[in-house]
Amino acid sequence: HGTLDAVFGNRGGEVICHTLNLDSKIADLGMQLGDKLIAFEGQTITNANQFTNLITTYPAGWPCEVTFEHEGKQSTVHVRLTALPY
């Protein structure tokens, strides 16, 4: 399975990044702790469980589109998922 190397949780009705590998590809593309996850592969993300259920359907290496908000500015980036560590 693939991962963004980030963990998200629900806070105040939003899906917020609360753990992030600072060496990850998504961090290199601008995501930081506290950023709001808005969409993954064109699907609006409304809670952390929905996101977890969605991302686990994609394999490592899959190219994905991720939209997130950092300090009020929305960014859409393309990133390849990394493998989950086992």
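Predicted model: local features only at pLDDT ≥ 70, side-chain atom pairs only at ≥ 80, totals over all residues.
How many cavities of 30 Å³ or more does a search of the whole structure find?

A search of the whole structure turns up one cavity of 30 Å³ or more. The largest cavity holds about 50 Å³ of space. Rolling a probe the size of a water molecule over the atoms is what shows where empty space is left.

To find the largest cavity on your screen, look for the residues that line it: Thr3, Leu4, Asp5, Ser24, Lys25, Ile26, Val79, Arg80, Leu81 and Thr82. Two elements give two or more residues each to this lining, namely helix H1 (25-28) and strand S7 (73-80). By class, the lining of the largest cavity has four nonpolar, three polar and three charged residues.

## The open space

Now for the largest pocket, which contains about 230 Å³ of space. Its lining is made up of 15 residues, and those nearest the centre of the pocket are Thr3, Ala6, Val7, Phe51 and Leu84. Strand S1 (2-3), strand S2 (6-11) and helix H2 (48-55) are the elements that provide two or more lining residues.

Which element gives the most to the lining of the largest pocket? The answer is H2, with four residues. Sorted by class, the pocket lining comprises eight nonpolar residues, six polar ones and one charged residue.

## A residue to look for

Thr3 is a handy place to start exploring. This residue is among those that line the largest cavity, and Thr3 is also one of the residues nearest the centre of the largest pocket.

Technical notes:
Residues numbered from 1 in each chain as written. Heavy atoms only, no water. 1 Å grid on protein atoms, 1.4 Å probe; cavity = no way out; pocket = protein on both sides within 12 Å on 5 of 7 lines; lining within 4 Å. Points joined across faces, edges and corners; volume = space filled by probe spheres on them. Nonpolar A, V, L, I, M, F, W, Y, C, P; charged D, E, K, R; others polar.
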